[in-house]
Amino acid sequence: MLTPLDINKKEFHRSFRGYNCEEVDEFLEQILRDYGQVYRENQEMREKNQRLSEELERYAHLEQTLKDALVMAQQAADEMRQNAQREAELKLREAENKAREILNQARAQAEKVERYQRDLEASTRAFKMRLRFLLKAQLELLEDQVEAEAAATADRQGETLREPGPGEEEITDCELDPCRQEQV
């Protein structure tokens, strides 16, 4: 590409009947001015284009960095969500296991209390039955003893008793036995 300096240094050979030198020089000066201006604008555009390309590249790099950061943030958020979900599930399982354990302990305690209650009821029935048998046996023993004493007393009195005479009353066994007097 021609530079304004190339145009300025360009020399033409003179020939017989050639172009008018003044017109050519004047035209070349005008071309030099216009071309110099265009050349400077072109250089400025190239520099501007270079700066914009670098800036575009920087923005493209920044965009890629932001995309990577967004992807990493999304992955981190997904991982945190999964961790939170796993932790929630773990805590829920722990709570369920603890609830099951508490229920099992409560059931075992209830069964223990029921067994204890049944044992107490059985012991109470057995105690009442033994007490009833003991009382019956004691009552029978007492009745036997009273009958034996009454018989012994009657035998003793029969020896000392005589036949009632005229005007005397006869004493019966009921009158001698206080227990039989209560029953009569």
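These entries record what I looked up on charged side chains in this predicted model.

**Basis.** I worked from a predicted model, in which local features need pLDDT of at least 70, side-chain atom pairs count only at pLDDT 80 or more, and totals for chains, interfaces and linings use all residues. Residues are numbered from 1 along each chain as its sequence is written, and side-chain values use heavy atoms, with hydrogens and water left out.

**Salt bridges.** I searched the whole structure for salt bridges (a side-chain nitrogen of Lys or Arg within 4 Å of a carboxyl oxygen of Asp or Glu) and found two.

**E63 and K67.** I noted a salt bridge here, with 3.7 Å between the closest N and O atoms of E63 and K67. E63 and K67 are four residues apart in helix 2, about one helical turn; helices are DSSP runs (H or I, at least four residues) numbered from the N terminus. E63 is partly exposed at 44% relative accessibility, and K67 is partly exposed at 46% (buried is under 20% relative accessible area, exposed over 50%, partly exposed in between; 1.4 Å probe, protein chains only).

**D78 and R81.** I found the closest N and O atoms of this salt bridge 3.1 Å apart. Both residues lie in helix 2, three residues apart, about one turn of the helix. D78 is partly exposed, with 26% relative accessibility.

**Negative patch.** I located a surface patch of negative charge formed by E22, E23, D25, E26 and E29. Patch residues have over 30% relative accessible area and no salt bridge, with like charges joined within 9 Å. I placed E23 in helix 2 (residues 21–160) and recorded E23 as exposed, at 56% relative accessible area.

Conventions. Patch = residues over 30% accessible without salt bridge, like charges linked within 9 Å, V, L, I, M, F, W, Y side chains within 5 Å. Areas by Shrake-Rupley, 256 points an atom, 1.4 Å probe, with all protein chains shown as cover. Lys, Arg positive; Asp, Glu negative; His and termini not counted. Charge placed at Lys NZ, Arg CZ, Asp CG, Glu CD. Helix = DSSP H or I, 4+ residues; strand = E, 2+ residues; numbered from the N terminus.
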